[in-house]
Amino acid sequence: MIRHLLSTADLGREDAVRILDTAEEMSQVSAREVKKLPVLRGRTVVNLFFEDSTRTRISFEAAAKRLSADVINFSAKGSSVSKGESLQDTAQTLAAMGADAVVVRHPGSGAPARLAAAGWIGAPILNAGDGTHEHPTQALLDAFTLRRALAGLPASGPAEGDRARGAGLDGAQVAIVGDVLHSRVARSNVHLLRALGAHVSLIAPPTLLPWGVHTWPAEVFYDFDEALAAHDFDAVMMLRVQFERMHQSFFPNTREYTRLWGLTEQRYRRLPAHTAIMHPGPMNRGFEICASAADAERALILDQVENGVSVRMAALYELLTGDGTEAQQ
Amino acid sequence: MSSTLIRHARVLGGEERDIAIVDGRFAESVERPDETIDATGLVALPGLVDLHTHLREPGREDAETVLTGSQSAARGGYTAVHAMANTQPVADTAGVVEQVAHLGRAAGYAQVVPIGAVTTGQAGQQLAELGAMAASAARVRIFSDDGQCVADPMLMRRALEYVKTFDGVVAQHAQDPRLTEGAQMNEGLVSAELGLPGWPAVAEESIIARDVLLAEHVGSRLHVCHLSTAGSVEIVRWAKERGVRVTAEVTPHHLMLTDELVRSYDPVYKVNPPLRTQADVDAVRRGLADGTIDIVGTDHAPHTAEHKCSEWTAAAMGMVGLESALPIVMEAMADYGFGWADAARTMSARPAQISGLAEHGSLEPGTGANLVLVDPAAHEVIRPAEHATLGRNNPFAGIPVSTRIVDTFLFGTRVVADGELRGPHATARGGQWIE
């Protein structure tokens with residue numbers, strides 16, 4: 001049982017597999033005509049978003065509503081200081097309103113951890129992406145999608161049989177390509193993929209890799225083609241790269257980036273037939289990923305989005321009910 | 001005439017002897033003292049001198065005032081503090097520095113020595129009126145844009161040369177601004193994991209390397225504020241071997257704490273320069289013990305609660321430290337053969353010398369009777385809530401220490417007695433430090 005979901009580094013293999021298994025149950029609900037479970041009836045989930053992210057907010061909102069929770073969306077864009085209300089006041093206000101769980105998106109790394117530790121609010125905190133730190137539910141939905149694909153099951157939709165259940169990602173070869181330095185998705189994925197037994201390769205220009213990345217539990221490549229030659233990847237996860245990075249000299253320009261680190265048409269054709277293509281979205285088509293790859297049959301990008309709801313249902317269920325056993329029965 | 005006799009004090013931790021004070025100065029002896037204090041078991045040190053204190057007044061009196069900062073200094077055993085220039089308005093004119101010195105006398109708990117800004121408004125564009133500040137009643141000798149680095153090499157060269165006029169010193173906050181844009185903590189394994197933008201050691205070291213070469217070239221005095229990395233210690237050691245007139249400072253927190261603490265995302269650990277790694281802590285401890293680093297400066301930086309009770313990225317940088325400095329330094333240096341004489345050298349005599357304060361830093365008869373008595377075998381825990389500073393951003397809360405500040409004498413006036421503040425020095429009623 002976990003109290004908050006702040007970082008995938010806090011999840012052991014058992015925790016992660018339990019949440020993924022619960023998400024399999026939840027995927028059944030999403031396929032029903034009445035997409036609702038009564039398990040969180042009367043509970044209030046607050047989506048506290050200090051940063052715009054319509055996709056993530058909608059996904060959490062749908063997840064909470066399918067569990068019959070009441071949802072309050074609290075948009076507090078801009079830093080708390082410029083807005084005049086502190087994180088402390090916001091948190092204490094939500095506590096006074098009786099929030100049972102708070103889903104936090106914040107541009108500053110560590111803001112959810114601070115909310116969980118400062119004593120301003122007692123409710124479980126679910127990190128929906130903090131700065132360049134972590135995005136745990138994204139990593140969980142990536143693992144969920146990949147686990148389906150590795151078991152030869154439909155990558156999304158209701159669970160078909162029990163083949164994925166209980167499994168990790170043992171032995172899977174996963175490439176994470178792009179702006180690892182600024183990516184909360186990459187950080188969460190490295191921890192979680194390792195916990196589930198996968199082998200991780202990080203592929204990026206040295207400017208977009210964190211200092212000391214060679215101590216991380218991952219293999220590091222500066223050369224995308226060398227990595228493709230070295231491993232038979234089960235999945236290639238392309239990260240979103242912001243165009244503005246080129247103005248900070250992380251790379252010379254978008255053309256060179258695409259040539260060296262993009263999933264171009266040529267690289268896409270080189271991939272083995274079983275390599276799944278993943279992207280956390282939103283994509284920059286023609287920059288980090290070519291259209292053929294983005295639209296390929298083995299692209300799991302929309303499956304990732306669909307699975308996001310099931311995984312977030314499982315995460316909310318885990319935090320608000322203590323364990324996943326009830327839903328599985 | 002007033003006189004005090006302190007009996008049985010262990011001077012610099014050595015032999016017991018008596019210390020006589022007559023009319024605000026140490027004396028050879030005193031016949032019939034007005035007051036006699038039994039200091040059996042206590043260590044006597046010259047009153048501590050801090051070259052790096054943020055008193056916040058004028059401008060941010062909600063964070064600290066000259067009075068509360070001076071009281072904090074006295075309780076920490078300090079008899080002189082150097083008020084950093086990054087106030088609002090910036091201390092870049094004779095008017096502001098004289099005002100700060102005046103507020104110090106009006107408080108009467110420590111001699112407040114203003115530091116002047118190097119550049120107007122600390123904007124790094126043009127030199128402030130350094131000569132006017134030096135010639136003012138505040139007699140400014142140390143100039144610093146602390147909080148900002150004098151990043152322009154041409155401007156730094158000119159400042160170093162110009163202050164030779166009055167034997168001044170430029171105290172540099174060594175931080176390359178381009179290498180630290182948006183920086184939140186030390187760049188290393190922890191920042192990579194936490195996803196916080198890093199402040200690399202090289203951003204400090206490259207400026208120090210440049211500045212010692214400039215100081216050598218123009219033959220000027222350079223003081224390096226709060227150095228924090230192993231590489232900085234090496235560069236200063238190299239420069240001293242070459243005969244460069246450089247002095248260096250380290251803070252109590254860089255002697256004690258590491259970036260591992262940032263894992264809590266608790267802004268009490270957010271400071272500039274940032275907490276570094278254990279290897280850096282070991283290096284600055286060795287550097288202080290072997291004299292490469294000349295002094296301990298507190299970088300006492302009080303902030304209001306609302307600037308610390310926030311998420312990490314929105315929080316202000318800085319820690320308070322006047323009242324915990326000596327106990328923390330003695331704990332941090334416990335394994336380095338660092339005795340009371342070393343504490344007196346690095347926290348009193350040497351800083352007084354750098355600043356040209358003749359009345360501080362010594363227990364010799366004839367100098368100002370600035371003295372602290374400490375209990376070297378106390379069983380204390382750092383309790384920030386009980387401190388005199390308005391700042392509660394003390395990162396040492398709960399740390400057990402064996403040093404307790406008992407009495408502080410400021411020009412012969414016992415401003416702290418048994419750890420508690422007493423009345424101020426006569427300057428608070430319009431007198432002089434020594435009549």
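Let me begin with a term: domain bounds here come from an automatic or database domain assignment. On that basis, chain A splits into domain 1 (8–134 + 308–328) and domain 2 (136–304).

Before going on, two housekeeping points. This is a predicted model, where local features need pLDDT of at least 70, side-chain atom pairs count only at pLDDT 80 or more, and totals for chains, interfaces and linings use all residues. Residues are numbered from 1 along each chain as its sequence is written, while chains are lettered from A and ligands numbered from 1 in the order in which they are written.

Back to the domains of chain A. Taken over C-alpha atoms, the centres of domain 1 and domain 2 of chain A are 25 Å apart. How many residues does each domain put into the contact? Domain 1 of chain A gives 28 residues and domain 2 of chain A gives 26. Contact here means that the C-beta atoms of two residues, placed from the backbone, lie within 7 Å.

Which elements carry the domain 1 side? Those that give two or more residues are α1 (13–31), β4 (125–130) and α12 (301–321) of chain A. Helices (H or I, at least four residues) and strands (E, at least two) are DSSP runs, numbered from the N terminus. The most comes from α1(A), with 11 residues. By class, that side of domain 1 of chain A has 11 nonpolar, 10 polar and 7 charged residues. For the classes, Ala, Val, Leu, Ile, Met, Phe, Trp, Tyr, Cys and Pro are nonpolar, Asp, Glu, Lys and Arg are charged, and the others, Gly among them, are polar.

Next, a strand in chain A. Look at β5(A), residues 173–177. Is it enclosed or open? Of its 5 residues, 4 are buried, so the rest of the structure largely encloses β5(A). The cut-offs, with C-beta atoms placed from the backbone: a residue is buried if 20 or more other C-beta atoms lie within 10 Å of its own, exposed if 12 or fewer, and partly exposed in between.

What does β5(A) pair with? Two strands pair if DSSP finds at least two bridges between them. β5(A) runs parallel to β6(A), residues 199–203, with 5 bridges. There, A:Q173 has A:H199 as its bridge partner. From β5(A) the chain goes through α7(A) to β6(A), a β-α-β crossover that is right-handed. Right-handed means that, with the strands pointing away from the viewer, the path from the first strand over the helix to the second runs clockwise. β5(A) also runs parallel to β8(A), residues 235–238, with 4 bridges. A:V177 is partnered there with A:M238.

Now the two chains together. Their contact takes 25 residues from chain A and 18 from chain B. On the chain A side, α3 (80–83), α4 (87–96), α5 (111–117) and α7 (184–195) each give two or more residues. The largest share, 4 residues, comes from α5(A). That side of chain A has 8 nonpolar, 13 polar and 4 charged residues.

Over to chain B and its annotated sites. An unreviewed UniProt entry places a "binding site" at B:H52, B:H54, B:D146 and B:D299. UniProt positions are in the numbering used here, feature names are shortened, and annotations may be inferred rather than shown by experiment. Why say these four residues gather at one spot? They span 248 residues in sequence, yet no two of their C-alpha atoms are more than 9.7 Å apart.

Take B:H52. It sits in strand β6(B), residues 48–53. B:H52 is buried, with 28 other C-beta atoms within 10 Å. Beyond four places in sequence, its contacts include B:H82, B:C225 and B:D299.

B:H54 lies in the loop between β6 and α1 (66–75) of chain B. B:H54 is buried too, with 26 C-beta neighbours inside 10 Å. Past four places in sequence, it touches B:M84, B:H300, B:A301 and B:P302.

The record has another "binding site" feature, also from an unreviewed entry, at B:H54, B:L55, B:R56, B:N86, B:N272 and B:H303. B:N86 is in the loop between β7 (78–83) and α2 (94–107) of chain B. B:N86 counts as buried, with 21 C-beta neighbours inside 10 Å. Leaving out residues up to four places away, B:N86 touches B:Q122, B:D146 and B:G147.
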